[in-house]
Amino acid sequence: MPVAKTIARQLENASWIRRMFEEGIRLKRERGADAVFDFSLGNPDVEPPPAVLDALRRVVDGNRAGSHSYMPNPGYAEVREAVASKLQRETGLGFTGEDVFMTVGSAGACNVILKSILDPGDEVIVLVPYFAEYQFYIANHGGRMVPVETDASFLPDVERIAAAITPRTRAILLNTPNNPTGRVYPEGVLRDLQTMLERTGQPITVISDEPYKSYVYDGGRQPEVASLIANTAICNSWSKSLGLAGERIGYLALSPRLEDRVNLRRACGFSNRILGFINAPAIWQRVMLESMDETIDPAIYEQRRNILCDALEAIGYEVRRPEGSFFVFLKTPIADDIAFTKRLAEEGVLAVPGTGFGRSGYIRLSLTIPLEKIEGSMGGFGRAFAASRR
Ligand SMILES: Cc1ncc(COP(=O)(O)O)c(C=O)c1O
């Protein structure tokens with residue numbers, strides 16, 4: 001049976017992380033796992049906190065009658081209320097349970113909101129470099145991705161965003177702390193964005209994709225996007241904050257300041273349903289009810305960041321230290337990031353070329369790798385750097 005041309009084309013474009021993953025398997029087979037240093041996947045390697053696993057045991061042992069049945073489309077009411085209370089505390093806004101939809105991760109939440117607001121040909125602004133999946137989430141719902149360059153330090157360039165807005169613009173997708181750059185968007189930039197959006201007078205939704213929100217380093221914190229930008233839809237999950245990426249548990253929350261929120265609520269409940277997800281796994285919704293305030297200490301990733309960045313700097317790389325998320329977006333010593341990625345792979349070091357995120361001349365290194373692997377990789381980073389200087 002032939003594969004659809006669209007999917008065949010998307011598969012071709014989407015293959016960078018997959019290619020590196022396959023390269024990793026091949027290298028591990030050839031050289032042994034000890035000689036491979038895999039910085040390619042952003043898969044949290046810190047286990048969920050014991051309190052979360054205890055809650056899971058209690059939920060399973062409790063096995064309440066009906067706990068495996070269908071539930072209301074947006075998810076369990078008490079879980080949605082609990083998420084809303086947390087958001088109230090964090091943002092100072094009057095979120096209610098009705099504004100919250102339980103979803104299969106932040107990925108599910110992004111798809112639900114996009115499906116709810118896009119007609120074919122509508123435009124969504126995405127900031128470059130971007131999480132590669134966004135192009136497919138937008139295309140899933142007939143939208144057109146409009147990539148807009150960030151400034152030289154990878155922060156949103158509000159004037160460029162303003163210039164990219166057309167009558168078809170329906171949303172701006174923001175991701176902070178950012179994958180792949182590790183930047184944490186400061187309050188001033190978010191305020192400027194709000195001022196600009198007010199000026200346009202167009203109903204543009206800011207989709208704030210926040211799965212790395214709890215990973216901000218050096219004692220900093222992520223300013224609340226929903227507190228600063230009126231028309232915000234929050235997409236979040238516990239994939240990264242609690243190391244639960246495989247459990248597919250997250251939510252979409254519509255800001256109380258969002259225009260036409262009551263109609264949008266109905267649309268989002270419906271979209272979640274007809275995407276086939278309905279909402280999120282029942283057991284994990286109940287676990288989250290008991291684990292709402294748990295987090296993984298970001299210190300472990302901060303320590304890895306420090307060791308990795310110090311060592312790369314010592315070799316001679318030009319390093320921008322990420323303020324948050326799991327990633328170091330490293331300038332490559334030669335302009336061709338794909339060639340440099342291949343050179344590193346010869347050394348057993350796996351990275352993702354920036355080209356996969358819409359920005360050549362960089363590679364993305366994930367901090368979800370043990371310290372001894374970071375230390376073990378430095379010989380390879382050093383030889384690849386030296387080779388680029390010849
Ligand atoms: C920026 C960004 N958004 C969304 C996701 C999807 O995460 P989830 O597991 O919550 O669906 C990821 C996962 O890597 C991500 O990096």
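Start with the buried residues of helix α10: select C268, G269, S271 and N272. Buried here means 20 or more other C-beta atoms within 10 Å of the residue's own, exposed means 12 or fewer, and partly exposed is in between, with C-beta atoms placed from the backbone. Look down the axis of α10: the buried residues fall within an arc of 165 degrees, so they line one face of the helix. That arc is taken from the directions from the helix axis to the C-beta atoms.

Before going on, some housekeeping. This is a predicted model, where local features need pLDDT of at least 70, side-chain atom pairs count only at pLDDT 80 or more, and totals for chains, interfaces and linings use all residues. Residues are numbered from 1 along each chain as its sequence is written. Helices (H or I, at least four residues) and strands (E, at least two) are DSSP runs, numbered from the N terminus.

What do the buried residues of α10 pack against? Show β2, α5 and β8 to see their partners; contact means C-beta atoms, placed from the backbone, within 7 Å. Just after α10, click on G276, which has a positive phi of about 100 degrees.

Next, select helix α5 (residues 105-117), which lies across β2, β5 (169-175), β6, β7 and β8 (250-254). Its direction is at about 155 degrees to β7; axes are lines fitted to C-alpha atoms, for helices over the stretch in contact, and angles run from 0 to 180 degrees between N-to-C directions.

Time for the sheet. Colour its seven strands in the order β2-β8-β7-β6-β5-β3-β4: the sheet is open and the pairing mixed. Two strands pair if DSSP finds at least two bridges between them. At the edges sit β2 (100-103) and β4 (144-149), each pairing on one side only.

Zoom in on β3 (residues 123-128), where five of the six residues are buried. Six bridges link β3 to β4 in the parallel sense, and V124 stands opposite M145 in β4. Towards β5, β3 has four bridges, again parallel; pick I125 and you'll find its bridge partner I172 in β5.

Last stop: β6 (residues 205-209) and β7 (residues 232-237) run parallel, joined by four bridges. Select V206 and its bridge partner in β7, T232.

How values were computed: Contact = placed C-beta atoms within 7 Å.
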